[in-house]
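Colleague: I would like a close look at one part of this model. Please start with the overall picture and then go into detail.

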Amino acid sequence: MPGGSEGRYIRLEVISGTNLGVPSLHIPAGIYVSVNLGSSRRWKSAIGILSSDESIAWRDTVTLSLDASSTLSVEIRASFELDQMLGNGEVVGKLEMSLDALLNHGNEPFDISFPSVRGVHPSLTLKATVLHNCDNQDNALFDSIIECDIARDTDVGHEQFATYVTSKTASHLNDAVKHFQLVLDQCPVGHPHRAAALTNLAWARLEGYARNDFQNIDCIVSLLREALALRPQGHPDHPSSIHHLLKALIWRYSKERTAAYIRECAQLSCKLLPLCPGGTYLCSIAAGGNGADYASTFDESLAQAVEGRFDQRGIIDDLAESIQHTREAVSLCPEGHSERNTYLINLAYSLHHRFKHQGNLDDLNEAVSLYEEALRLHPVGHKSRDVSLDNLGSALYTRFNQRGDVNDVIRSISLRHEALTLRPPGNPYRDCTLNNLALALKTRYVKLDASEDLDEAINLYRDSLQLRPHGHPRRHTGLFNLSSALCSRFMQARKNEDIEEAIRLCQESLEALPSLHPHRYFSYMRLQEAYLSRYRVQRKSADLSLAVENFRLASRHPTQGFPERINEAINWTFAAESHSHASALEAYKTFFELLDRHLATRSSIVARREATSAFCRARTLPVDAASCAMHLDNLRDAVELVEQGRGQQWSLASRLKTPLEDLKLASPELARKLSEINQRLSHAQGSAGSADRAAADRAAIHYRRLQQQWGAVVAEIRNLKGFSRFLLPPSYEDLQAAARHGPVIILVGSQYSCSAIVIPTSGEPHHVGFSRVTLTHLEKLKSDFAREIRLASFMRPEETRKELQVLLRTVWDEIMLPIVIVLQRDLRVKSGSRIWLCPTATFTSIPLHAAHPFRTKADGRRELCLEDVYICSYTPTLSALIRSRQMMKKRATPSFVAIGQSSPGGGQGEALLTVDSELELVRKLIPATVSTATLSGDDATRAGALDALQCNTWVHLACHGKQDREQPYYSRFAMRDKPLTLLDIMEKDIPHAEFAFLSACHTAVGDEETPDEVIHLAAGLQFSGFKSVIGTLWVVDDAVAKHVVEAFYKNMVKDLKDGDVMDCTKAAWALNRATDAVKTKVPLEQRMVFVHIGV
């Protein structure tokens, strides 16, 4: 060293470290660097947390006296405590070096490498700088090395355990445990190091002794629970204590699947994950040189524990958490990773499982895709090919049940046949493949009526059950599956022994399952199937009663998913109707309740509609329920049920927009809470639709938890006086408010009966039967109207539409005249009064308002038609009309905008030649006292039109309209750049809006998939805030429609005096007068195309 050393110092900076793997594989709390001068003094750096690449940045410094010692020792050590350390931790690397060596690098950083740990050399980056005229600071910076017994014994324990891990010599393990036990014996209750002593002993015993010793693992769990209790929330070592206990419990649960372990694992994992974000040691320290190995195994273990809890409790968020953890495991195993196939299968299994409970097709499609990838990773000859074959077969079987593509079930059978050959007698999973193959064969029998499939299925089920003796955890599934196959054979061959055995098997399966097990649902379902089969053959009423009781138990089983229970409720309605059982109305009510709860879990309008349309057999249930209630002379129930069934989409969408004025008066605090949660739910609706499946899962969990909070607040509100039915399906008394300004007529088109219910302004509803009308007649009438309206478009305006007149005469004679008789004779409703029509099912496609006898009386006078007698309006639902009336209290300064797009872009339609002249005509007819604006041409964009809708109280819209019959929320108006959709409109809340005239095609036509849910553009505008809307039932001829438009607005402004404002409640009358006034100018089909909706 040049020059004298007296009075000179070195500032040593510990910059960073890399490849800092721990020899024992024990997960450290952190890593620190120790600099030892001689045998009596030592400096320690701060404890750093490892990053995901096993590195740490310290930037810690120490000042060394040049004459203090000629050599020093540098050590890298793993600390297992972030708080007060017990001992010095485990040595990762150690080097002796001279002070001269530190100064050989000038003032530049340099690296020093340590002996290999598991094939990798740890290293440090240091920097040494010479200082002059520095006080002798090292005396203050260095600690004296004074070791107590428990510190020395702990260090020996760590050293011996690390040696055991590398050598697998039992004597080293025994020595480590002995020293850790000595330390614990010296740390009684209350000792500051007791938690660390407990953890060290438990860890060594867990890794060394516990693998096949249940008593030992229980003792270890007890030690780790005590350690965690000594490190509560907020303690620096709280996360690591959770991790140690969780690892022990996961191992315990893998050997004995007990609900207590499941619950504790799930609770701990939920606490731990927020405390160890990506990049921390819990996701990065390697088990074998690759951090993904440990982290993915950890995530997958959590997933299994949480999914196990779901199997016990049936709570969907448990399964969602399992999927989250497994996704994280998959993300840590890229293509080529040895464990990727395992995690793909587990993720697919969880998604498949969730589909069965929630019915989200995205889950099923992703599961099939993942199983396909896993099968590609398991080619012929791979030891796990049988697993992939069986799993993909299961997913395809499920998809067949959902979509009905017979190719799926045929391929499922083929895959399972191959899987069975790979699971010969003696294979522990042969019973599963036998059962699954039988299930697919029985399903193909039902689809293709192949009796040989049924016989083979029964034989396979019996073989499977022989491998599942009493006490086997999967025996119950074989029991109820065999029962179902025997039921099918009984209905085919009528052998009593088959049905008696089927009933016994289901009863045995129920005895094997705890009361809340999700699979009890299948036992109830198969038992009702058996009783109902026996009833159909032997006609004993007791069997029908037993079948109904099991329908009831299955549909109400709380831990089974909604899709299965909803399907069972649907089956119950069919069985009760078919056999005239008194439980039919209860079955319908159960269905509506379950569907409402199922839809409430969906976070968007589109998702709710898709969930509804998945139950294709339920499309007619709202009207069938009303028909059932009418058959029982319970008209009030009929009104409530048809409203609940037809209005679920609108009802759920409007929950977040419910006016809270009355609630604010009763409880301002609850009104505030509900308003805040409504806003958060509204915001969460968009995020849950993410294309990123992992993000969508997280958003869905968040949405469900918000829903739970919402439900708790609503439950509080219902305890308030006068709010017991807050946001519940409305009662008849509530719904009768729709008839405040005139009777409402619900037209019910059911397979069981077609009739009408007239709701008067006060009093009981009236039933109107249609003695000669069936659903078949209505379907033909609908088809005939569509044909004649299409043909009329090719006729000259002056030609008489004779066939159309015949159809309208039928509507008058068979449908509307009986209603008019009740209105006039029983309710004394005067001519010229307003009435509202609320058609259902096929009635929605028939122009009821245009009913006309087209006859003359004996004295030569023309018989009156419906529009001569009453002013007709429509309403999608009674609640929609009530809501519009309630919002009429909020009146704003009138403003009018005319929106027109004659040249839509992007292939949205041909040019409309009369749009601009129509806008000019409307603008001239609006009083000068009203603020008016026009939006057309390049300005009539999607955003421009949406803004105009929000900023004005009155709107006239002239453009192409398109009803999307497959996805009605994408029905649209054609604008210059891109379409303005129904969904765009519904997402806006425009409480000040009053009136909209939709001079466009197909704006009041419903949805083909769910015809009893009137989802169309006019209804969407009403939902968003427009109280009164003119819409269209079919194609509008814009060349003649302008005559109706002109006559309508002339009537709207007729008799207005200075200072008067336009009144949207006059719209129905103005349309009635307009269509009458243009009879000589506008052909029949173009007069009746316009309908009024709302107030």
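Colleague: How many helices and strands are there in the protein? Then take α18 and α19: how do their axes cross?

Modeller: This is a predicted model, so local features need pLDDT of at least 70, side-chain atom pairs count only at pLDDT 80 or more, and totals for chains, interfaces and linings use all residues. Residues are numbered from 1 along each chain as its sequence is written, and side-chain values use heavy atoms, with hydrogens and water left out.

The protein has 41 helices and 23 strands. These are DSSP runs (H or I, at least four residues, for helices; E, at least two, for strands), numbered from the N terminus. Of its 1095 residues, 57% count as buried. Buried means under 20% relative accessible area, exposed over 50%, and partly exposed in between, with a 1.4 Å probe and protein chains only. Take contacts (heavy atoms within 4.5 Å) between residues at least 6 apart in sequence: 71% of them join residues at least 24 apart.

Now the pair. Helix α18 spans residues 496-511, and helix α19 spans residues 520-538. Their axes come within 9 Å and cross at roughly 155°. Axes are lines fitted to C-alpha atoms, for helices over the stretch in contact; angles run from 0 to 180 degrees between N-to-C directions. The two helices are therefore roughly antiparallel. The classes are: under 35 degrees roughly parallel, over 145 roughly antiparallel, 65 to 115 roughly perpendicular, the rest oblique.

The crossing of α18 with α19 is left-handed. That means the near helix is turned anticlockwise from the far one by less than a right angle; clockwise would be right-handed. On the α18 side, the contact is made by N496, I499, E500, A502, I503, C506, Q507, S509 and L510. From α19 come R520, S523, Y524, R526, L527, A530, Y531, S533, R534 and Q538. These residues divide into nine nonpolar, six polar and four charged. Here Ala, Val, Leu, Ile, Met, Phe, Trp, Tyr, Cys and Pro count as nonpolar, Asp, Glu, Lys and Arg as charged, and the others, Gly among them, as polar.

For reference, here is another pair. The axes of α3 (residues 149-167) and α5 (residues 194-208) come within 11 Å and cross at roughly 15°. That makes α3 roughly parallel to α5. Their crossing is left-handed. T154, H158, F161 and Y164 of α3 meet N200, W203, A204, E207 and G208 of α5. This contact divides into four nonpolar, four polar and one charged.
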